[in-house]
Amino acid sequence: MGRRRLFPWKQPRSDSLVVCDVDPALTEKLRKFRFRKETNNAAILMKIDKERQLVVLEEEFQVFEIRTTEDLTEEWLLERLAFFR
């Protein structure tokens, strides 16, 4: 007798799943980033290199200035996060 699925109408997607590896240099940078001593705001932007199927570092940001929740306007976000365009 086969294994009974909890949701029989859902088909497994493992046949179309593509998994990327993470660049070892990025793994080390993420480890250091996670355990850093600085208390300022920072971010790491990653991208996927489709040819190599590898997650790589795109850019690293060290300082984001947010003083109050009123600072989080749409204009401020568009100015600061313009790299997403």
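Reader: In which strand is leucine 45 found?
Author: Leucine 45 belongs to strand β2. Please bear in mind throughout that this is a predicted model.

Reader: Is leucine 45 buried or exposed?
Author: Leucine 45 counts as buried, because its relative accessibility is 16% and the cut-off for buried is under 20%.

Reader: What separates the C-alpha atoms of leucine 45 and glutamate 59?
Author: A distance of 5.1 Å separates those two C-alpha atoms, although the residues are 14 residues apart along the chain.

Reader: How many bridges join β2 to β3, and do they run parallel or antiparallel?
Author: There are 7 bridges between β2 and β3, and the two strands run antiparallel. One of the facing pairs is lysine 47 with valine 56, the latter in β3.

Reader: What is the order of the strands in the sheet?
Author: The order is β1-β3-β2, in an open sheet of 3 strands with mixed pairing. The edge strands are β1 (21-22) and β2 (43-49), each of which pairs on one side only.

Reader: Which way does β1 run relative to β3, parallel or antiparallel?
Author: Strands β1 and β3 (residues 54-61) run parallel and are joined by 2 bridges. Aspartate 21 has leucine 54 in β3 as its bridge partner.

Reader: Which strands does helix α1 touch?
Author: Helix α1 (residues 24-34) packs on the sheet and touches β1, β2 and β3. The direction of α1 makes about 160° with that of β2.

Reader: Let me step back. How many helices and strands does the protein have?
Author: The protein has 2 helices and 3 strands. Along the sequence they follow the pattern β-α-β-β-α.

Reader: Which element has the lowest mean pLDDT?
Author: Helix α2 (residues 74-80) has the lowest mean pLDDT among the elements, at 74, whereas α1 has the highest, at 94. For the protein, the mean pLDDT is 78, and 67% of its residues reach 70 or more. Where pLDDT is low, the predicted coordinates should not be read in detail.

Reader: Back to the hairpin, please. How many residues lie between the strands β2 and β3 there?
Author: The hairpin of β2 and β3 has 4 residues between the strands. Glutamine 53 is found in this loop.

Reader: What is the phi of glutamine 53?
Author: Glutamine 53 has a positive phi of about 50°, although it is not a glycine. This deserves a remark, because most residues other than glycine have a negative phi.

Reader: And how accessible is glutamine 53?
Author: Glutamine 53 has a relative accessible area of 37%, so it is partly exposed.

Reader: Where does aspartate 49 lie, and is it buried or exposed?
Author: Aspartate 49 lies in strand β2. At 17% relative accessibility, aspartate 49 counts as buried. A polar atom of the aspartate 49 side chain is 3.2 Å from the backbone nitrogen of glutamate 51.

Reader: Now for glutamate 60. In which strand is it found?
Author: Glutamate 60 is found in strand β3. Its relative accessible area is 30%, and therefore glutamate 60 is partly exposed.

Reader: Which residues is glutamate 60 in contact with, leaving aside its neighbours within four places in sequence?
Author: With those neighbours left aside, glutamate 60 is in contact with Lys29, Ala43 and Ile44. The side chains of glutamate 60 and lysine 29 make a polar contact at 3.1 Å. The glutamate 60 side chain also makes a polar contact with the side chain of glutamine 62, at 3.1 Å.

Reader: How far are the C-alpha atoms of glutamate 60 and alanine 42 separated?
Author: They are separated by 7.7 Å, and the two residues are 18 residues apart along the chain.

Reader: Finally, what share of the residues in the protein is buried?
Author: Buried residues make up 13% of the 85 residues. The protein exposes about 8,100 Å², of which carbon and sulfur atoms supply 54%.

Notes. Residues numbered from 1 in each chain as written. Predicted model: local features only at pLDDT ≥ 70, side-chain atom pairs only at ≥ 80, totals over all residues. Heavy atoms only, no water. Pairing = 2+ DSSP bridges. Contact = heavy atoms within 4.5 Å. Axes fitted to C-alpha atoms, helices over the stretch in contact; angles between N-to-C directions. pLDDT = per-residue confidence, 0-100. Buried < 20%, exposed > 50% of the residue type's maximum accessible area, 1.4 Å probe, protein only. Areas by Shrake-Rupley, 256 points an atom, 1.4 Å probe, with all protein chains shown as cover. Polar contact = N/O pair within 3.5 Å; in protein donor to acceptor, adjacent residues only side chain to side chain.
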